[in-house]
Amino acid sequence: MELSLSTSPASPAVLRRQPSPLLHNQQVLGVSFASALKPGGALRFGSRRRPLHRPITCSASPSTAEPSSEVKKKTLVRRNDVRNIAIVAHVDHGKTTLVDSMLRQAKVFRDNQVMQERIMDSNDLERERGITILSKNTSITYKNTKVNIIDTPGHSDFGGEVERVLNMVDGVLLVVDSVEGPMPQTRFVLKKALEFGHAVVVVVNKIDRPSARPEFVVNSTFELFIELNATDEQCDFQAIYASGIKGKAGLNPDDLAEDLGPLFEAIIRCVPGPNIEKDGALQMLATNIEYDEHKGRIAIGRLHAGALRKGMDVRVCTSEDSCRFARVSELFVYEKFYRVPADTVEAGDICAVCGIDDIQIGETIADKAHGKPLPTIKVEEPTVKMSFSVNTSPFSGREGKYVTSRNLRDRLNRELERNLAMKVEDGETADTFIISGRGTLHITILIENMRREGYEFMVGPPKVINKRVNDKLLEPYEVATVEVSENHMGPVVELLGKRRGQMFDMQGVGSEGTVFLRYKIPTRGLLGLRNAILTASRGTAILNTVFDSYGPWAGDISTRDLGSLVAFEDGTSTSYALASAQERGQMFVGAGVDVYKGQIVGIHQRPGDLGLNICKKKAATNIRSNKDVTVVLDTPLTYSLDDCIEYIEEDELVEVTPLSIRMCKNPKMAKKGR
């Protein structure tokens with residue numbers, strides 16, 4: 001039994017005896033703990049602050065969501081047959097797997113239908129990497145209520161997708177791992193959701209893990225809410241415990257239902273229906289763009305006011321001054337896993353509109369006569385930039401279909417139409433472009449997509465975007481979280497220290513001997529860090545980062561100690577030459593591979609570059625014996641696109657073609673090394 005604070009409308013606060021609050025949904029005399037909170041989100045006893053351990057009820061209360069304007073109160077109504085939610089979380093906390101179970105239990109598929117895992121990750125690149133890159137819509141029906149679900153990416157590099165999607169929804173499911181708890185990206189997505197004033201349902205996922213610690217995770221999440229200045233209503237969130245892969249959920253970690261029923265009930269109860277202006281002038285914000293070969297551009301968004309009909313004449317607005325007219329040729333809504341044609345869509349629902357060929361993300365589809373634009377979508381500024389240029393290597397044009405600067409420019413401009421967090425600028429020469437993004441992964445995904453489409457080009461090393469404020473140079477800083485075993489903690493701490501990282505938190509987790517390290521580190525220090533950390537920890541460390549803020553310039557950072565082995569003539573590599581070359585370092589190429597002058601063929605074992613002849617053949621004369629000596633070659637290193645971009649330095653480039661990824665020295669820069 002525990003003592004708890006209780007209030008009632010008729011009496012002042014009194015101490016009452018009640019059972020231990022293991023079930024989070026209890027209220028005391030009809031009033032939840034949030035009503036007893038002081039500003040700052042903690043119970044006060046005398047001068048001491050004690051954090052509140054267990055949030056109790058939903059954050060959705062109609063009174064808080066209603067507009068204050070007297071006029072709007074009359075026209076705005078809440079639609080109860082629709083719920084719009086986004087599923088947000090840190091990477092690998094189980095969003096897409098949870099959506100799979102929700103779709104399966106909502107009878108979206110036939111019982112005998114073959115279903116692949118992570119069905120929302122429809123892109124080849126997403127399935128290969130096991131990550132979500134693009135946000136996607138689906139919908140289910142639960143007890144006559146349509147629930148529009150949007151699955152979002154978990155990496156901070158794709159934060160632009162999350163920011164954009166939050167315009168369409170009224171609530172979010174915040175999925176948190178039952179062992180790891182809130183991680184850097186959890187903080188980022190929650191901060192955005194709270195800024196929009198959305199209701200939050202916290203789902204503690206993977207509750208079936210052996211070292212699960214649900215109580216710690218819920219308390220940590222609550223502390224995160226307070227840290228992000230959430231309102232009392234938002235702090236009063238509903239906690240649901242679930243196992244996405246098993247399709248079970250419950251209000252108590254030790255008592256899960258046989259299905260996800262408690263989760264669906266929490267969505268209906270805690271997430272408010274959309275607040276709409278039913279009889280107002282049409283307004284719809286285009287928050288996503290898709291392309292179909294037959295239908296052309298398809299704008300996806302939520303209808304904020306009025307009704308949209310097939311064949312309707314509309315006004316497309318960017319601002320008060322610039323508007324143009326168009327006609328809606330086709331209209332779709334999301335039903336189950338598919339887009340279904342519709343004649344009319346009412347305010348509050350998410351729909352797809354065809355027929356407006358030049359529509360862009362952030363534009364408003366409005367009433368032809370009285371339409372007014374909605375506020376445009378704002379996303380955070382990019383922090384990393386890379387240069388793209390035409391392929392100038394001797395092997396140029398051998399493998400690619402699109403090789404000219406015009407092809408490159410057109411493709412990059414097309415990317416800008418749907419990738420709001422990316423920027424493209426002209427470089428120093430006509431065939432160079434500077435691409436700015438949220439991180440190296442953000443830009444690397446673009447490079448990989450272009451490579452698969454048949455483009456051939458060269459990429460420079462990533463550089464951070466600095467700012468100058470009051471004549472002081474500022475650079476971006478990120479919060480890095482490293483999960484590593486205690487045995488390998490020493491080398492990892494040393495590595496992060498060399499890169500100007502400052503540790504501000506360290507904690508042991510569970511019985512697995514794992515340690516969580518949290519650092520504030522310049523973005524420059526993170527370039528090339530992932531491979532170095534894996535090497536230092538024997539492949540066991542997990543590194544996660546999220547942008548924090550701009551701070552003072554941290555000084556010089558050395559990211560690579562060793563030089564490169566560079567081929568000094570064109571030709572085909574031979575076993576004879578490689579046998580002696582591999583004594584100088586680790587090779588990237590094997591025997592029988594075409595190479596060119598200036599290509600990087602290995603990692604030198606010392607600082608500074610070293611030129612090598614790996615095309616030398618054994619002299620075949622009648623004096624010397626021609627008997628071949630058996631040569632044992634080391635297995636060459638195989639670097640992926642991400643590895644190559646992490647490896648290269650200022651005077652090096654990555655040559656990207658549909659079939660190959662090579663590294664070379666930049667011929668325009670003065671030669672370094674010996």
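Mentor: T481 has a relative accessibility of 1%, so it counts as buried (that label means under 20% relative accessible area, exposed means over 50%, and partly exposed is in between, with a 1.4 Å probe and protein chains only). Keep in mind that this is a predicted model, in which local features need pLDDT of at least 70 and side-chain atom pairs count only at pLDDT 80 or more, while totals for chains, interfaces and linings use all residues. Residues are numbered from 1 along each chain as its sequence is written, and side-chain values use heavy atoms, with hydrogens and water left out.

So where does T481 sit? You'll find T481 in strand β30, residues 472-485 (strands here are DSSP E runs of at least two residues and helices are H or I runs of at least four, numbered from the N terminus). Apart from neighbours within four places in sequence, T481 has contacts (heavy atoms within 4.5 Å) with M183, P184, F516, L517, R518, I542, L543 and N544.

Now slide over to K520, which belongs to strand β32, residues 514-522. K520 has a relative accessibility of 31%, so it is partly exposed. With neighbours within four places set aside, the list of contacts for K520 runs Y477, E478, R500, G501, Q502, F504, D548 and S549. From that list, Q502 is 18 residues away in sequence, yet its C-alpha lies 5.3 Å from the C-alpha of K520.

Next, a helix pair. Helix α12 (residues 489-498) packs on helix α14 (residues 529-536) at about 155°, and their axes are 9 Å apart. That makes the two helices, α12 and α14, roughly antiparallel. For the record, axes are lines fitted to C-alpha atoms, for helices over the stretch in contact, and angles run from 0 to 180 degrees between N-to-C directions. Under 35 degrees is roughly parallel, over 145 roughly antiparallel, 65 to 115 roughly perpendicular, and the rest oblique. The α12 side of the contact is P491, V492, L495 and L496, and the α14 side is L529, A532, I533 and A536. By type, that contact comes out as eight nonpolar residues, no polar and no charged (Ala, Val, Leu, Ile, Met, Phe, Trp, Tyr, Cys and Pro count as nonpolar, Asp, Glu, Lys and Arg as charged, and the others, Gly among them, as polar).

T186, R187, L190 and L194 of α6 meet L224, F225 and E227 of α7. The contact of α6 with α7 has four nonpolar residues, one polar and two charged.

L190 and F225 turn up again in the largest nonpolar core, which has 40 residues, and together with L174, V200 and V202 they touch the most other members. A second, separate core of 26 residues includes L103, V201, F264 and I267. A core here is a set of buried Ala, Val, Leu, Ile, Met, Phe, Trp, Tyr and Cys residues joined through side-chain atoms within 4.5 Å.

The axes of α3 (residues 95-105) and α9 (residues 261-270) come within 11 Å and cross at roughly 95°. That makes α3 roughly perpendicular to α9. L98, M102 and Q105 of α3 make the contact with L263, F264 and I267 of α9. Five of the residues in the contact of α3 with α9 are nonpolar, one is polar and none is charged.

Helix α3 itself is largely enclosed by the rest of the structure, because eight of its eleven residues are buried. Those buried residues are K95, T96, L98, V99, D100, S101, M102 and L103. Their cover includes strands β6 (82-89), β7, β8, β9 (171-177) and β10 (199-205), along with helix α9.

To put this in the setting of the chain: there are 16 helices and 41 strands, and 52% of the 674 residues are buried.
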